[in-house]
Amino acid sequence: MHSPQPNLETRTSDDWPSELYRVLKAADVRQMSYVPDAGHSQLIRLFSADRDVTTNVLTSEEEGVAIAVGAWLGGQRSVLLMQSSGVGNCINMLSLSAIGRFPLLMLVTMRGEWAEFNPWQVPMSRATQPSLEAIGLKVMRAETPEDLIETVEAAAALAYESDQQIAVLIGQRLIGKKKW
Amino acid sequence: MSDSSQLDRRAAVAALLRNRGDTLVVSGLGSPTYDLHATGDRDDNFYLWGAMGGAALMGLGLAQAQPAKRVLALTGDGEQLMGLGGIATIGVVRPRNLDIVVIDNQHFGETGMQASHTGRGVDLTAIAAACGFAATGTVRSIAEVERLAAQIAEPADGPRLFVIKVVAENPPRSLPSRDAVFIKNRFRAHLGFAAA
C-alpha cells in the first residue's frame, strides 16, 4: 500500500479533467457543447483544442440538448457541459430527449451546495436533481475525482449504448471553493 | 409595420422542397411540421411536435454530424423567436451545410393566431446577418420561393437564414407520426445507422 499508489492518486485527483477527457474520447464523443463553468474550464480547453471534436459555445443550455439530439440523428455522440444553474434552462427541451429516447450525457458542475459564497446559486442548486428527475433523466452524482471518472464511464455506456438520458452531477466539494 | 403577404404556406413549402434531392429536413413544431408532411412523408424528415426553439439547433447538431449532406431547418416565426440565442450559436460555428427557412405568418398560428414579433418590426434576417450568417433574405411570392429553392441547392460559405412571408391562416392539418422513436430510427436507418 506504499509507493507508488499515493503519487498516482495525487495525480488523478489534481488532473481529473484530463481523465474525464480521456474517458469521453474513449466513448467516441464527437461533439461537445457548453455554457462555461469554472469547474469545466480545463475540459473545455481540451475539447476546444481537439480537431476531431466539434465544439459549440451556447447562449443558453437548452441549445445543447437540441444539438445533442441532432448529432445522434446524424450518427454522432455528444456531451453537454454546464453548471447547475443551467439545468433550469433545459427542462422543456429535455422532453425531446425523453420522448425520442435520444442518448444524452450532461455533466453538471454543482454550485450552491458547498462553501458557496453566492446565495443566488442556492435555489437552483436545490432544484437541480428533482427537476432533472421530474422530466425523466437519470441522475448520478460524484463527490471524489476517482468516483467521477468511474461514474462518467458508466454514464456514457448507459447513454450511448442503452439510449438513456443521464445527468452526472459533479459535487461542488470536488471542484473546490471559487477563488476571487 | 405589418408587411403582409398573400402567399399560401403549403404552396410555398411545396415549391421550396420540390427538388430538395437528398437534403435532410427538420421541421419546427406546429404548422411547419404539417407543411413538411403535406409535401410527402419521407425517411429523411424529422418532425418536431414540441421542443419549441430547438429546430435550428437540432439542425446544427445534424449538420455537424453529416458535413457532406445539406440540412434544412424548416420552422415558424414563433419557434425561431424562442430560439433567438441559437442564431448566435450557429453564427459562431458557421456550418456550410445548414439553412434555416422560417415560414413567417407573423402569428402564433397554433394557439389562436395571436400576433408575433415579426409583424411588429422584428426582422429575423437582420438578426441572422448580425450573427455572421453567410446569406439572408425575405421572399413573398412563389417566383421568389422558386429562386430561393435554387439558391439553397447551391453550396454556401456558411449558414443561411431565409424568411418566407405567408398569409396567416391554418390550412387543414397534415399529421405525421407523433412517435419520435419511430421517426428517429427511420431517419437513422436512412443514413445507414442500425436501430439500437
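## Two chains, two open sheets

Six bridges join strand S4 of chain B, residues 98-104, to strand S8 of chain B, residues 160-165, and the two run parallel. I start with that pair. This is a predicted model. The predictor gives the complex an ipTM of 0.97 and a pTM of 0.95. Chain B has an average pLDDT of 96, with 98% of its residues scoring at least 70.

Back to the pair. B:Asp99 has B:Arg160 of S8(B) as its bridge partner. B:Val101 stands opposite B:Phe162 of S8(B). On to S7(B): five bridges join S7(B) to S8(B), again running parallel. There, B:Val139 stands opposite B:Ile164 of S8(B).

How covered is S8(B)? It is mostly covered, with six of its six residues buried. In a regular strand, side chains alternate between the two faces of the sheet. Here B:Arg160, B:Phe162 and B:Ile164 point one way from S8(B). B:Leu161, B:Val163 and B:Lys165 point the other way. Both sets are buried, B:Arg160 and B:Lys165 included.

Now the whole sheet of chain B. It is open, has six strands, and reads S2-S1-S3-S4-S8-S7 with parallel pairing. Which strands stand at the edges? They are S2(B), residues 45-47, and S7(B), residues 135-139. Each has a single partner strand, so one side of each is left without a neighbour in the sheet. From one strand to the next, the twist averages 15°. Helix H2 of chain B, residues 31-38, packs on this sheet. H2(B) touches S1(B), residues 24-27, as well as S2(B), S3(B), residues 71-76, and S4(B). The direction of H2(B) makes about 125° with that of S3(B).

One residue in that helix: B:Ser31 lies in H2 of chain B. Is B:Ser31 buried or exposed? The cut-off for buried is 20 or more other C-beta atoms within 10 Å. B:Ser31 has 28 within 10 Å, so B:Ser31 is buried. Leaving out residues up to four places away in sequence, B:Ser31 touches B:Arg9, B:Gly76, B:Ile103, B:Gly109, B:Glu110 and B:Asn170. B:Thr75 is 44 residues from B:Ser31 in sequence, and 8.2 Å from B:Ser31 in space, C-alpha to C-alpha.

Next, chain A. Its mean pLDDT is 92, and 91% of its residues reach 70 or more. Residues 1-10 of chain A have pLDDT below 50. That stretch has zero contacts in the model beyond near neighbours in sequence.

The sheet of chain A is open too, with six strands in the order S2-S1-S3-S4-S6-S5 and parallel pairing. S2(A) and S5(A), residues 138-142, are the edge strands, each pairing on one side only. The twist averages 20° from one strand to the next. Six bridges join S4(A), residues 104-109, to S6(A), residues 165-170, in parallel. In that pair, A:Thr109 stands opposite A:Ile170 of S6(A).

Two helices meet this sheet. H4(A) packs on it, touching S1(A), S2(A), S3(A), residues 77-83, and S4(A). The direction of H4(A) makes about 170° with that of S3(A). H8(A), residues 145-162, lies across S3, S4, S5 and S6 of chain A, at about 170° to S6(A).

A:Tyr34 stands opposite A:Val57 of S2(A). Which face of S2(A) is covered? The covered face has A:Thr54 and A:Asn56, and the uncovered one has A:Thr55 and A:Val57.

A quick word on H2(A), residues 16-26. A:Trp16, A:Leu20, A:Tyr21 and A:Leu24 are buried there. These residues cover an arc of only 145° around the axis, which puts them on the same side of H2(A). A:Asp28 follows H2(A), with a positive phi near 65°.

Last, the interface. How many residues of each chain are in contact? There are 27 residues of chain A in contact with 27 residues of chain B. On the chain A side, S2(A), residues 54-57, H4(A), residues 62-73, and H6(A), residues 94-100, each supply at least two residues. The largest share, eight residues, comes from H4(A). By class, that side of chain A has twelve nonpolar, twelve polar and three charged residues.

Conventions: Residues numbered from 1 in each chain as written. Chains lettered and ligands numbered in written order. Predicted model: local features only at pLDDT ≥ 70, side-chain atom pairs only at ≥ 80, totals over all residues. Pairing = 2+ DSSP bridges. Helix = DSSP H or I, 4+ residues; strand = E, 2+ residues; numbered from the N terminus. Axes fitted to C-alpha atoms, helices over the stretch in contact; angles between N-to-C directions. Contact = placed C-beta atoms within 7 Å. Nonpolar A, V, L, I, M, F, W, Y, C, P; charged D, E, K, R; others polar. Buried ≥ 20, exposed ≤ 12 C-beta atoms within 10 Å, placed from the backbone. Arc of directions from axis to C-beta. pLDDT = per-residue confidence, 0-100.
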